[in-house]
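Thanks for asking me to look this one over. My notes are below, as numbered points.

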Amino acid sequence: MTSTGDPVENYLDQLYVGLRGSPRQGRRILAEAEDHLREGVADGLAAGLTEREAQEQAISSFGSVRAVVRAHDRRLRQVPSLAVLADLAMSAWRLLSIGLLAVGASGLVAAAMNSVFGAPFVGSASRAALPLAGCRHWLSVWPGAHSCAQAYLLESRSDAVSLRIFAGLIGLILLGGDYLARRRGWSRGVLPDGFAPTVAMSMFGAAGLGLLALSVNRGSVLGLPAGPGFYLSGAVVALAMAAAFAVQVQRTLLRHARR
């Protein structure tokens, strides 16, 4: 950072560069340090010191940048395990919410695929004998179907959309709860700011590649036959989410590299 003629500003600049931990912790420490230093300068001026003398005295009484950074690092190493667990739980809550929202988005993609490519692209065409009770139910739900197999195909195509959108609505509710919990201070900010994006990038990337493989094999790897769109709709959203979180991880790394 650019040096100025103000000792207090120079001190805060050096402290900013030396601090580790989350941005929230850094902002809090900088704010506390600035408040303390400004109060010390005011006391020195009231005692008859010059501006420069008051600033140097305030810095001397507060401690060197190295001492403050070391004290902060010791506090990070002594973070109570409950605070770490609380942040891990909050991160899991947010990742679950975002995951369910992604499932809901894949339902919308599946609906678009249904419209463009037809029911067999997303729905499951059963190759086994279908139970009589199930056939009656599916035919009652889809009276326009010409056979039990077609009714089953239409039902699986519909479920691929409706059940996923329902999961997305649950994710939206959970994400609202996550927002309120963070506003109430449930998150302690002890985890690195790149932790959740890195986990999300890895999970969505792995899920996307797995679903892409299933779409090519039509689920034969897991013994779950379905149209390629059933898995491809999920792969598209998962890989898009992985790319979005990869950008966030990159920005976090660049921000830390500039410090």
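1. A word on burial before anything else: a residue is buried under 20% relative accessible area, exposed over 50% and partly exposed in between, with a 1.4 Å probe and protein chains only. By that rule, 36% of the 259 residues of the protein count as buried. Please keep in mind that this is a predicted model, in which local features need pLDDT of at least 70, side-chain atom pairs count only at pLDDT 80 or more, and totals for chains, interfaces and linings use all residues. Residues are numbered from 1 along each chain as its sequence is written, and side-chain values use heavy atoms, with hydrogens and water left out.

2. The protein has ten helices and zero strands; here helices (H or I, at least four residues) and strands (E, at least two) are DSSP runs, numbered from the N terminus. Taking contact as heavy atoms within 4.5 Å, 73% of the contacts between residues at least 6 apart in sequence join residues at least 24 apart.

3. Helix 1 (residues 7-18) and helix 3 (residues 51-62) have axes that come within 9 Å and cross at roughly 30°. Axes are lines fitted to C-alpha atoms, for helices over the stretch in contact, and angles run from 0 to 180 degrees between N-to-C directions. The two helices are therefore roughly parallel to each other, as angles under 35 degrees count as roughly parallel, over 145 as roughly antiparallel, 65 to 115 as roughly perpendicular and the rest as oblique. From helix 1, Pro7, Val8 and Tyr11 meet Arg52, Gln55, Ile59 and Phe62 of helix 3.

4. The structure holds one disulfide, a term used for a pair of cysteine sulfur atoms within 2.5 Å. Cysteine 135 and cysteine 148 form it, with sulfur atoms 1.8 Å apart. Their link is left-handed, at -85° about the S-S bond. Cysteine 135 sits in helix 7 (residues 132-141) and cysteine 148 in helix 8 (residues 148-183), 13 residues apart. Both cysteine 135 and cysteine 148 are buried.

5. Methionine 113, in helix 5 (residues 81-117), deserves a look too. At 9% relative accessibility, methionine 113 counts as buried. Beyond its neighbours within four places in sequence, methionine 113 is in contact with Gly118, Phe121, Val122, Gly229, Leu232 and Ser233. Leucine 232 is 119 residues away along the chain, yet the C-alpha atoms of methionine 113 and leucine 232 are separated by 9.6 Å.

6. Finally, which residues of helix 9 (residues 195-217) are buried? They are Pro197, Ala200, Phe204, Gly205, Gly208, Leu214 and Ser215.
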